[in-house]
Structure formats: C-alpha cells, structure tokens
Amino acid sequence: MAKLVAQNHPALHQIAEEVAVDDITTPKIQKIIKDMTSVLKNCPRGVAIAAPQIGVPLRIFEVYENTTDKTDQERRIPDMVVINPRIVKVSKKKEEKEEGCLSIPKLYGKTFRHTKVTLRGYDENGIEFERGASGYLAHIFQHETDHLDGVLYVEHAHETWEADENYERA
Ligand code: ZN
C-alpha cells in the first residue's frame, strides 16, 4: 500500500528522474500513477501530489479536484496527470501565495509564485501537451515541479505558521 513518506525521505530532497516516454504506458508506471491517485484521494484536503511524495523519485505529478469548492471558479482545477513536466514560460509578475504541503503536516506558509506559467509534459497515455495556467493552477504547477527538483516550499517561504489539517495541501 503506497503512502506519503516522511519529510526527511531522500526522494523529497533529490532531483527526480525523467520517465522514458515509451515506458509511460507500461504497467510499472501506470501502477505508480494509480498509487499516487489513491494516496491523494485519501488526503481530505489534498489537491495535488508528486511521485517523490510517495517515495518514487520520478518526474510525475497529479492534480486532482478533491475537495475544492466547485462553485468557486477561481479555484476550479482540472484532474490531470503530468509526466516529465517542464515550465517553459513564466510571467514576470509574482504574487504572494499561501501554501501547504502534504509532506509537511501541520504547517502553512507564504511564498512568492509566478502568476502565470506555461507547462509542457506528457499525459498518462504518453501524449505530449502544453497548457497555460494562471492563479491557483499556476501556483500548483510550481509547487509540484519544485517537488520534482527536490525543493519543499518551506525552503523559500518567507513566513510559516502552524495550521490544522483543514487547509488545502499539495
Ligand atoms: Zn507538496
């Protein structure tokens, strides 16, 4: 049974490896994607997860519209799997954002994030795509790609505080 690994797990602090595109549809990678989905679905306020968070040092993340308020258009996010993601464009403008991480329970913090990004990667079927995002989704893309580079938000947060589990985490 896959589960979230502790904050000191090496997978959370190293640069994750790319997945060979031909391997994306293999049972091995599909199983990792399935495991990530089931772990994320078990996190009541989880909105996204990266493979290193379950101890797998591969460049895969998922976004999942879990408990996000669906009436709030600003915070609506699509379900998606992204393999070998690359942020290919960012806005000059950054915004201060509040952020929480599934790998760091009971903490919340403030970071600066680009307001818009363009992401390129492969979906779970091995199809390459590019997608622009702004606001909440852009924020999530940056948090997740950081995970794949071994970076946790607390390493660049300018303020952190204790917060309960009712906050969204990624
Ligand atoms: Zn996180």
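The side chains of His143 and Glu99 are joined by a polar contact of 2.6 Å (a pair of N or O atoms within 3.5 Å; within protein, one must be able to donate a hydrogen and the other to accept it, and residues adjacent in sequence count only if both atoms are side-chain atoms). The model is predicted: local features need pLDDT of at least 70 and side-chain atom pairs count only at pLDDT 80 or more, while totals for chains, interfaces and linings use all residues. Residues are numbered from 1 along each chain as its sequence is written, and side-chain values use heavy atoms, leaving out hydrogens and water.

His143 is buried, at 5% relative accessible area (buried means under 20%, exposed over 50%, partly exposed in between; 1.4 Å probe, protein chains only).

Turning to the metal, the zinc ion has as protein donors Cys101 (SG), His143 (NE2), His147 (NE2) and Ala170 (O), at 2.0 to 2.3 Å. Donors here are N, O and S atoms within 2.8 Å of the metal (3.2 Å for Na, K and Ca); water is not among the atoms, so sites may look incomplete. The site is tetrahedral, with angles of 96 to 135° among its four donor atoms (four donors count as tetrahedral if all angles lie between 85 and 135 degrees). For comparison, ideal angles for four tetrahedral donors are 109.5 degrees. Along the chain, the donors follow the spacing C-x41-H-x3-H-x22-A. Both His147 and Ala170 are buried.

As for the helix, 14 of the 14 residues of α2 are buried. Gly150, which follows α2, has a positive phi near 75°.

Notes:
Four donors count as tetrahedral if all angles lie between 85 and 135 degrees; four count as square planar and six as octahedral if opposite donors are over 155 degrees apart and all others between 65 and 115; anything else is irregular. Helices (H or I, at least four residues) and strands (E, at least two) are DSSP runs, numbered from the N terminus.
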